[in-house]
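Dear colleague,

Please find the structure below, with the sequence. My notes on it follow.

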Amino acid sequence: NKLLFNDFNRLNFETMWWFYAILSALFASLTALFAKLGVANINSNLATGIRTIVVVLMIWIIILTKGETKGIGSLSKQNVFFLIVSGLTTGLSWLFYFKALQLGNLSQVAPIDKLSIALTIILAVIFLGETMSLKTTIGAALIIAGTLVMII
């Protein structure tokens, strides 16, 4: 019985990543829906700015209430550089995403935005040396093909 409980705990811990990934997908889809409603009749850059302020406040409230600022002193120059670059690319992504939402239908914009999944896989292979399994290659190809079908 104790062995079964330990295996269950290990299984839960080892598979929690997919639970968080599902929540991420759920909230990303809600984000797209609410963003489409939010950009109606306003400047898309202003909409992005408002959303960004909300995200910044929410994250810092979580960090401060959980006492997670301790790691700031241990950041390397590489950590800081890549987090800044990631922030810049996130900002650009959000600006273009909100402009696309303002001009297009959510059902058209969202699938193209999710093309980032296949692009991320390709970039991970090129820049991080990650390997692509047959399953990953097929999945990325299907995402690209699905995106093309949605565009056409």
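This is a predicted model: local features need pLDDT of at least 70, side-chain atom pairs count only at pLDDT 80 or more; totals for chains, interfaces and linings use all residues.

Ser44 belongs to helix H2, which covers residues 44–65. Is Ser44 buried or exposed? Its relative accessibility is 3%, so Ser44 counts as buried, the cut-off for that class being under 20%.

I then turned to charged pairs. Side chains of opposite charge can pair when their charged atoms come close. How many salt bridges does a search of the whole structure find? The search returns 2.

One of them joins the side chains of Lys66 and Glu68, with an N to O distance of 3.6 Å. Lys66 has a relative accessibility of 56% and therefore counts as exposed, since the exposed class is over 50%. Glu68, at 42%, counts as partly exposed.

The side chains of Asp113 and Lys114 also meet in a salt bridge, at 3.3 Å from N to O. Asp113 has a relative accessibility of 25%, so Asp113 counts as partly exposed. For Lys114 the relative accessible area is 37%, and this residue is partly exposed too.

Regards

Conventions. Residues are numbered from 1 along each chain as its sequence is written. Side-chain values use heavy atoms; hydrogens and water are left out. Helices (H or I, at least four residues) and strands (E, at least two) are DSSP runs, numbered from the N terminus. Buried means under 20% relative accessible area, exposed over 50%, partly exposed in between (1.4 Å probe, protein chains only). A salt bridge is a side-chain nitrogen of Lys or Arg within 4 Å of a carboxyl oxygen of Asp or Glu.
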